[in-house]
Amino acid sequence: MKFVCAMVAVVALALVVASAQAVQVNVNVNNSLVPLSVERGQSFIDAARSFCSTYGVDPNLNVARLVSALERESARQNLENAGVEEPKPLVSLPLEVRGELRTLNFYEGQDAFQVVKHFASQHNLGVADQQLINQALDRELRSQPPARIIAQVP
């Protein structure tokens with residue numbers, strides 16, 4: 001019997017091929033929290049595949065999710081270690097996915113289409129759902145107040 005991993009609540013984004021530090025996230029497997037630990041220098045993908053194999057979890061559905069959670073935790077740790085505050089999202093869009101509340105965070109400088117595509121991939125959403133989320137995010141972004149001009153140069 002294969003179990004589906006629940007998303008891990010961790011915030012921040014980064015692309016990491018191998019961990020520069022030890023990283024750990026807790027994963028819900030069959031209603032039990034199981035730690036997924038990655039040692040310094042270990043590949044997030046290899047760790048996620050090994051975790052799926054060890055716990056009988058479908059790697060096709062979960063490796064990308066686990067890698068994403070590890071990347072976010074690693075980025076959070078990097079920001080914390082650098083003494084830098086996490087950036088505030090430009091828009092936080094609460095969404096209900098299969099009866100569970102999920103939040104799509106959109107940060108300045110990100111590509112809205114890519115953010116929604118990534119969210120849809122993480123949650124196994126179809127094209128129609130992705131289009132609805134794109135529309136909702138677009139409405140939210142348009143409702144944001146424009147940047148203030150604080151000085152004018154002649």
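Predicted model: local features only at pLDDT ≥ 70, side-chain atom pairs only at ≥ 80, totals over all residues.

In which helix do Asp138 and Arg142 lie, and how many residues apart are they?

Reply: Residues are numbered from 1 along each chain as its sequence is written, and side-chain values use heavy atoms, with hydrogens and water left out.

Asp138 and Arg142 both belong to helix α4 (residues 127-142), where they stand four residues apart, about one turn of the helix. Helices here are DSSP runs of H or I with at least four residues, numbered from the N terminus. The side chains of Asp138 and Arg142 form a salt bridge at 2.1 Å, N to O; the term denotes a side-chain nitrogen of Lys or Arg within 4 Å of a carboxyl oxygen of Asp or Glu. Asp138 is partly exposed at 33% relative accessible area, whereas Arg142 is exposed at 63%. Buried means under 20% relative accessible area, exposed over 50%, and partly exposed in between (1.4 Å probe, protein chains only).

The structure holds three salt bridges. One of them joins Arg76 and Glu73 at 2.6 Å, N to O. These two residues, Arg76 and Glu73, are three residues apart in helix α2 (residues 59-82), which means that about one helical turn separates them. Arg76 is partly exposed, with 23% relative accessibility, but Glu73 is buried at 9%.

Glu100 also forms a salt bridge, with Arg102, and the closest N and O atoms are 2.8 Å apart. Glu100 is partly exposed, its relative accessible area being 43%.
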